Amino acid sequence: MAKVYFTKEITKEAVVRIFDALGKNLEGRVAIKLHSGEPGNQNFLRPDFFKPIIDKVGGVVVECNTAYDGKRNTSAAHLKTLEEHGWSKHFKVDLLDETGPDLELDIKDGEVINKNYVGKNIVNYDSMLVLSHFKGHPMGGYGGALKQLSIGLASSYGKAYIHGAGDPKKIWTADHDSFLMSMADASKSVVEYFNGKIVYINVMKNMSVDCDCCAVAEDPCMEDIGILASCDPVAIDKACLDLVYKSNDPGKDHLIERIESRNGSLTIKAAHELGIGDIEYELIEI
């Protein structure tokens with residue numbers, strides 16, 4: 001059974017403590033995947049919140065370009081956003097798909113897709129720390145560790161490929177459940193690429209129904225819950241969903257409606273069936 005550590009304290013110091021509780025050492029060159037935040041978004045987690053854990057791990061903040069209009073859809077625009085939001089001021093930053101060609105990862109026994117296209121600079125790293133802001137999402141229902149592994153690490157082309165369930169031309173029109181399962185497929189390729197050398201931290205703060213990719217996003221709809229850490233991306237996302245459902249905050253209904261109306265839990269189910277994590281877990285409060 002997977003272990004998921006949990007703390008109700010949401011501070012930058014608590015991020016370090018929960019990472020230490022895992023007892024997992026990230027060796028070699030460490031990529032730190034997080035969300036740089038679309039300009040205009042008020043909910044994304046800022047550099048100062050993650051600075052202690054990034055300094056501790058000593059890694060490089062990595063991101064990839066988006067596949068939709070905005071201020072992160074080209075390398076020049078995204079690098080400017082990384083600077084304006086303070087990421088490149090405080091940390092080494094690597095835009096993985098700044099230049100091509102993409103790295104093509106095979107997906108063995110994928111349910112929908114058999115290829116994943118990620119930023120080629122991922123080859124420069126030996127391990128990864130995935131820092132996820134858990135919240136809702138307009139298409140995926142929710143955003144957490146699995147979304148960071150899939151859409152987050154995919155190149156601009158790769159994002160369109162996943163959204164389109166293998167056909168980038170259908171980026172916004174593909175069968176919805178096929179898109180959700182494609183995220184699980186893509187996650188599998190990254191988990192296998194790093195061969196277990198990944199740690200996941202989900203922060204349940206500023207939980208809007210909208211993602212940090214939205215320039216115009218709703219304000220958070222429910223109270224903050226805490227921080228979770230695990231070596232299992234399926235278990236940590238499932239634990240976050242369970243904590244939302246168990247919350248006494250009436251605002252949870254709005255977030256749950258977003259998750260359920262988009263069938264968000266299908267990504268967790270599909271990822272579990274692909275063998276990259278467990279839906280059964282032990283929640284350990286620290």
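Q: How many salt bridges does the rule count here?
A: The count comes to 15 salt bridges. The rule asks for a side-chain nitrogen of Lys or Arg within 4 Å of a carboxyl oxygen of Asp or Glu. The idea is simple: side chains of opposite charge can pair when their charged atoms come close.

Q: What kind of model is this, and how are residues numbered?
A: This is a predicted model: local features need pLDDT of at least 70, and side-chain atom pairs count only at pLDDT 80 or more, while totals for chains, interfaces and linings use all residues. Residues are numbered from 1 along each chain as its sequence is written, and side-chain values use heavy atoms, with hydrogens and water left out.

Q: Which residue forms a salt bridge with glutamate 63?
A: Arginine 72 does, with the closest N and O atoms 3.5 Å apart. Both can be read for burial, where buried means under 20% relative accessible area, exposed over 50%, and partly exposed in between (1.4 Å probe, protein chains only). Glutamate 63 has 3% relative accessibility, so it counts as buried. Arginine 72 has 2% and also counts as buried.

Q: Which residues are linked with Glu63 and Arg72 in a network of salt bridges?
A: Lys33 and Glu38 are linked with Glu63 and Arg72 in that network.

Q: What does the salt bridge of lysine 205 and aspartate 224 tie together?
A: The N to O distance of that pair is 3.8 Å. Lysine 205 and aspartate 224 both lie in the loop between β10 (198-204) and β11 (226-230), so the pair ties together parts that are 19 residues apart in sequence. Lysine 205 counts as partly exposed at 24% relative accessibility. Aspartate 224, at 36%, counts as partly exposed too.

Q: Where do aspartate 210 and arginine 258 lie in the chain?
A: Their side chains meet in a salt bridge at 3.2 Å, N to O. Aspartate 210 is in the loop between β10 and β11, and arginine 258 is in helix α9 (residues 252-261). The pair links distant parts of the chain, 48 residues apart. Aspartate 210 and arginine 258 are buried.

Q: How far apart are the mean positions of the positive and negative charges?
A: They are 4 Å apart, for 32 positive and 43 negative charges. Lys and Arg count as positive, Asp and Glu as negative; His and the chain ends are not counted. Each charge is placed at NZ of Lys, CZ of Arg, CG of Asp or CD of Glu.

Q: How many helices and strands does the protein chain have?
A: It has 10 helices and 12 strands. These are DSSP runs numbered from the N terminus: helices are H or I with at least four residues, strands E with at least two. The radius of gyration is 17 Å, close to the 19 Å of the globule rule for 286 residues, so the chain is as compact as a globular protein of that length. That radius is taken over C-alpha atoms, and the rule is 2.2 Å times the number of residues to the power 0.38. Buried residues make up 59% of the 286 residues.

Q: Which peptide bond is cis?
A: The bond from glycine 100 to proline 101 is cis, with omega near 0°. Proline 101 is found in the loop between β4 (93-95) and β5 (103-106).

Q: What is the phi of aspartate 109, and what is that of alanine 165?
A: Aspartate 109 has a positive phi of about 60° although it is not a glycine. Aspartate 109 lies in the loop between β5 and β6 (115-118), and counts as exposed at 59% relative accessibility. Alanine 165 has a phi near 55°, also positive without being a glycine. Alanine 165 lies in the loop between α6 (156-163) and α7 (176-194).
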